[in-house]
Each structure stands twice: as C-alpha cells, then as structure tokens.
Amino acid sequence: MTGFGRGVAEQGPLRATVDLRSVNHRFLDLKLRATIAPSLEEQVAGRIRSAIERGAVTISVHIARSGAGTAQRIDEAAARASHASLTALARALGIAGPDLALVLAQPGVVLAADDREDASEALILAALDTALGQLQQMRAVEGRVLERELAARIEELGQLRQAIQTLATGVTEQLHKKLTERLRKLLGDDSKLDPTRLAQEVALLAERADITEEIVRLGSHLEQAQAVIGGLGASGRKLDFLVQEIGRELNTIGSKSQLTEISSSVVEAKAVLEKFREQVQNVE
C-alpha cells in the first residue's frame, strides 16, 4: 500500500527529519537514503519491519544544526584513520601525502562540540516513530477503501458461484436431451434407441461433468477470503494463496463444463477474479 510520513525531532541545536515513502510491492523492500552508523541502520530497519510487512519503503534521514558559529571539535581517532588511509592512497599513486586541510575535510573528522552520536541517534529514532505513525495512518485509510472493494468482488464471485451451481443441477437433463437428439438424427427412428444404453451413456457423461466438489470448495475459499478481508492484521499473503485456489477451482469447473451457460459464467468469474488479484497486490 502507498503512504507517506514525516517525523521531526529536535534537541538543542540538532534537528532530525525522517521521511518515509511506501509504494506497492509483493514483499518488504527497504531503501535507506542516508549515511548513518550500521547499528542505527539496523534499529531503523527493525522498527520498520515490525510495523510493515509488505511494500517498497524509502527512508530519508537528514540531520541539521541550527545557529551560527557553533563550537567545533576534532575527532582525533577519525583524523588519524583518515590520514592513514589518505597516506596509503598517496603512496600507491606516487604523489605527495595529504596535508592537514585535506584530513580535516574528511567526513567525521570535524564535529560540533555538542555533536554526540547517541544524541543524534535518539533524535533519528524519535523522528522515525513519528513518521511511521503518519505512514500507518495513511495506509490505514487506503486499507479501508481496499476492504470495501475486495468485499464487493468476493460478493460478485459468490453470486456467479450460485449461478453456476443452479445451472449444474440441470446438467443431467440437458445431456440426456442432447444425446437423444443426436442419436435420433443419426438413426432416424426412435424405436432403434436403447433406453438402457442411453441411460448408461448419460450417467457416464454426467459423472465426468459433475462439478459438485469444485463448487463446494469454491464456496469455502470465498468464505475464507471474506473472513480474511474483514479480519485484523496483515492479510496480503493469505489472499494471494486464496486467489490461486479460487482460480484453480474455476479452471476445473470450466474444463468439466458441458453447458455453454456454465462456461460463460466461468469466464465472467475469471474476469472478476483478475480484478480481485490486482487489488490484492496492494494489500499488506
């Protein structure tokens, strides 16, 4: 499902802004657009995974510092590491080693005097929680709309199932009538028809065309889908499975069908199921 959320957290001169954007996806795909510590990245991903099960989610993190002339400090460990890396690179390239200005220009070497990793991490996580709340609210609104749409499709499939069941009750009579007419045309005389043999052939054809089991299973799948739609929690994967099962039953009914009317209803049901399938891809 789609959605957007923005969270902002401030403490002193620090301001953290987190933007979350979600679009439809069969699985959970996280894309982080920020350079943060690996430990913080894991915390961010963990909180999103605990709140969202499906969707392509883009996370943007921005840290700003207000006020001019903010006191600064040098991270000596970061400076030594940057100097060692730059010196090794210069030696490999056969050029002069780095000067102090180049070392100080490396990310993480010069920091604000009040810049502490734990403080910025706490702000980012607080802003993330706010953004997640907004994102979930927007997705919830879309979810309610999808619930009504999916319920309407299930009701439509239920009506078509009922129509197929009604048509199936007259299959034996229809087969008897068609077979009798064909034999009459071939033999040209009703007296030559063997009622017993005719009844046997009709019974055989009726057995092959029997779709009672498929209709029962189809009804069960539709009831389960209706329950999942009206239930709580993530339902996308369950509905994916039920769509496959409903489609399988419709295919079997269509292959067994001996009546044009049943075949037409199956085609119509498949069209409705395809619309249902498309909407299920938007469900978490």
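Leaving aside its neighbours within four places in sequence, which residues is T17 in contact with? Before I answer, a word on the model: it is a predicted one, in which local features need pLDDT of at least 70 and side-chain atom pairs count only at pLDDT 80 or more, while totals for chains, interfaces and linings use all residues. Residues are numbered from 1 along each chain as its sequence is written, and side-chain values use heavy atoms, with hydrogens and water left out.

Now to T17, which is found in strand β2. Once the neighbours within four places in sequence are set aside, its contacts are R6, G7, V8, S60, V61 and H62, where contact means heavy atoms within 4.5 Å. T17 is buried, because its relative accessible area is 16%; the cut-offs are under 20% for buried, over 50% for exposed, and partly exposed in between, with a 1.4 Å probe and protein chains only.

A16 also lies in strand β2, and with a relative accessible area of 0% it is buried. Apart from neighbours within four places in sequence, A16 is in contact with G7, V8, A9, H62, I63, L123, I124 and A127. A16 and L128 are 112 residues apart in sequence, yet their C-alpha atoms are 9.2 Å apart in space.

Let me turn to the strands around β4. Strand β2 (residues 14-23) pairs with β4 in the antiparallel sense over 10 bridges, pairing being called when DSSP finds at least two bridges between two strands. In β4, the bridge partner of A16 is I63. Strand β3 (residues 28-33) pairs with strand β4 (residues 55-65) in the parallel sense, over 6 bridges, and the chain passes from β3 through helix α1 (residues 38-51) to β4 in a β-α-β crossover that is left-handed. For reference, a crossover is right-handed if, with the strands pointing away from the viewer, the path from the first strand over the helix to the second runs clockwise.

Next, the helices and the cores. In soluble globular proteins, nonpolar side chains tend to be buried together. In this chain, the largest nonpolar core has 29 residues, of which L239, I253 and F276 touch the most other members; a nonpolar core is a set of buried Ala, Val, Leu, Ile, Met, Phe, Trp, Tyr and Cys residues joined through side-chain atoms within 4.5 Å. The elements giving two or more residues to this core are α4 (117-168), α7, α8 and α9, and α9 gives the most, with 7 residues. L239 itself touches L150, A225, V228, I229, F276 and V280, not counting residues up to four places away in sequence. A second, separate core of 21 residues includes L20, I52, L123 and L132.

What are the buried residues of α7? They are E214, I215, L218, G219, H221, L222, A225, V228 and I229. Helix α7 (residues 212-230) has 19 residues, so at 1.5 Å a residue it should span 27 Å, and its end C-alpha atoms, 28 Å apart, agree with that; the expected span is 1.5 Å times one less than the number of residues.

The side chain of E249 makes a polar contact of 2.9 Å with the side chain of R217. By polar contact I mean a pair of N or O atoms within 3.5 Å; within protein, one must be able to donate a hydrogen and the other to accept it, and residues adjacent in sequence count only if both atoms are side-chain atoms. Beyond its neighbours within four places in sequence, E249 is in contact with E214, R217, L218 and H221.

E268, in helix α9 (residues 260-280), counts as partly exposed, because its relative accessibility is 42%.

Key
Helix = DSSP H or I, 4+ residues; strand = E, 2+ residues; numbered from the N terminus.
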